[in-house]
Amino acid sequence: MPSFLASLQAALARPIRTLPEWDTLPAAVLVPIFRHPDDGEWHVVFTRRTETVDSHKGQVSFPGGRSDPHDADRVATALREAHEEIGLAPGDVQVMGALDELLTVSQYRVTPIVGLIPWPYPFRLSPGEVAEVFDVPFAWLADPVNVEEQWRPSPINGRPIRVFYFREVQGKIIWGATARMILGMLERMGLREVEFADLTM
């Protein structure tokens, strides 16, 4: 039987993890990007949710949702959800990799999967979930003049939460977790410095 100190030292030698005080549900979204054939510019595809969905009505998001027990991994979740929501065939997506996971206040652990898609594409929208699909040039998203931060009260009576917003584009506002995913991709590419350590939105 190992001694107490030996057991303690072995336990403390393991890598440190971040453990939330609540159970989180695994989820994934697809961040579709394409190169426009006319000008060669890179664009990011977004969806706008309908006003009839259960949550986040009318908000801008990426196609995605909760992982299914039958999904092989988070990539499979993202591809399945994109197919269900906007008719994007999994075989038409060239998966590039994953961005940092987000822990949301709605108790999801979301993995953003980045994928290249052909353009133009014959999307087929799920009428109960998606109101429209639109795209925004990556250069516009990368321009710091187009993003701002605001502070909102915490939903759990904690410290105020920093929330990122992009300027209105095509009559829509990209904000919250979706904005964080974009900013996270920019940070990964060395195009922006963003610290998310104290964010919970």
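**A surface leucine**

Tutor: Leu-8 has 37% relative accessibility, so it counts as partly exposed (buried is under 20% relative accessible area, exposed over 50%, partly exposed in between, with a 1.4 Å probe and protein chains only). This is a predicted model, where local features need pLDDT of at least 70 and side-chain atom pairs count only at pLDDT 80 or more, while totals for chains, interfaces and linings use all residues. Residues are numbered from 1 along each chain as its sequence is written, and side-chain values use heavy atoms, with hydrogens and water left out.

Student: Where is Leu-8 placed?

Tutor: In helix 1, residues 4-12 (helices are DSSP runs of H or I with at least four residues, strands runs of E with at least two, numbered from the N terminus).

Student: OK, new topic. Why is strand 10 said to be largely enclosed?

Tutor: Six of the six residues of strand 10, residues 161-166, are buried, so the rest of the structure largely encloses it. Ile-161, Val-163 and Tyr-165 lie on one side, with Arg-162, Phe-164 and Phe-166 on the other.

Student: And how many bridges join strand 9 to strand 10?

Tutor: Six, and the two strands run antiparallel (strands pair if DSSP finds at least two bridges between them). Within strand 10, Phe-164 is the bridge partner of Glu-149.

Student: What about helix 4, how many of its residues are buried?

Tutor: 10 of the 13, so helix 4 is largely enclosed by the rest of the structure. Among the buried ones are Arg-180, Met-181 and Ile-182.

Student: What follows helix 4?

Tutor: Gly-190, with a positive phi near 75°.
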